Amino acid sequence: MAETHGLMERLEKAVTRLESLFSDSHRSGGMECDAINGVNGSIAPYVEAFDRLLNGSVAEFLRYSKILEGDVKTHAEMVRAAFQAQRSFLVLASQCQEPQEVRRVT
């Protein structure tokens with residue numbers, strides 16, 4: 001049980017760091033482009049698809065897991081934290097430019 005609690009704390013810290021990085025990048029003006037990766041100031045299509053997944057079957061899983069309590073509820077909280085971290089990563093990735101291809105001279 002202590003291992004799951006430690007893992008849950010680590011996941012929460014990771015989510016917090018990702019959210020902090022995301023909000024810092026917006027404040028610093030590093031994202032001042034008209035359109036990045038085909039997204040013009042709105043949510044990327046794959047983030048919207050991920051949100052549909054979160055609001056659908058994942059939300060249902062979390063809702064039923066809370067009813068069961070115990071280890072199931074603890075596991076569900078870890079799953080929730082992991083999905084939140086993944087969404088933060090997707091949002092951050094959607095607002096970054098794709099790196100240019102580097103050609104090697106041989």
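The model is predicted, so to speak of local features a pLDDT of at least 70 is needed, side-chain atom pairs count only at pLDDT 80 or more, and totals for chains, interfaces and linings use all residues. Residues are numbered from 1 along each chain as its sequence is written, and side-chain values use heavy atoms, with hydrogens and water left out.

Let us begin with charge. Side chains of opposite charge can pair when their charged atoms come close. A search of the whole structure finds two salt bridges (a side-chain nitrogen of Lys or Arg within 4 Å of a carboxyl oxygen of Asp or Glu).

In one of them, Arg87 pairs with Asp51, and their closest N and O atoms are 2.5 Å apart. This pair links distant parts of the chain: Arg87 sits in helix H3 (residues 70–94) and Asp51 in helix H2 (residues 45–68), 36 residues apart. Helices are DSSP runs of H or I with at least four residues, numbered from the N terminus. Asp51 is buried, at 16% relative accessible area, while Arg87 is partly exposed at 26%; buried means under 20%, exposed over 50%, and partly exposed in between, with a 1.4 Å probe and protein chains only.

The other bridge joins Glu77 to Arg80, with the closest N and O atoms 2.9 Å apart. Both residues lie in helix H3, three residues apart, about one turn of the helix. Glu77 counts as buried at 18%, whereas Arg80 is partly exposed at 22%.

Technical notes
Helix = DSSP H or I, 4+ residues; strand = E, 2+ residues; numbered from the N terminus.
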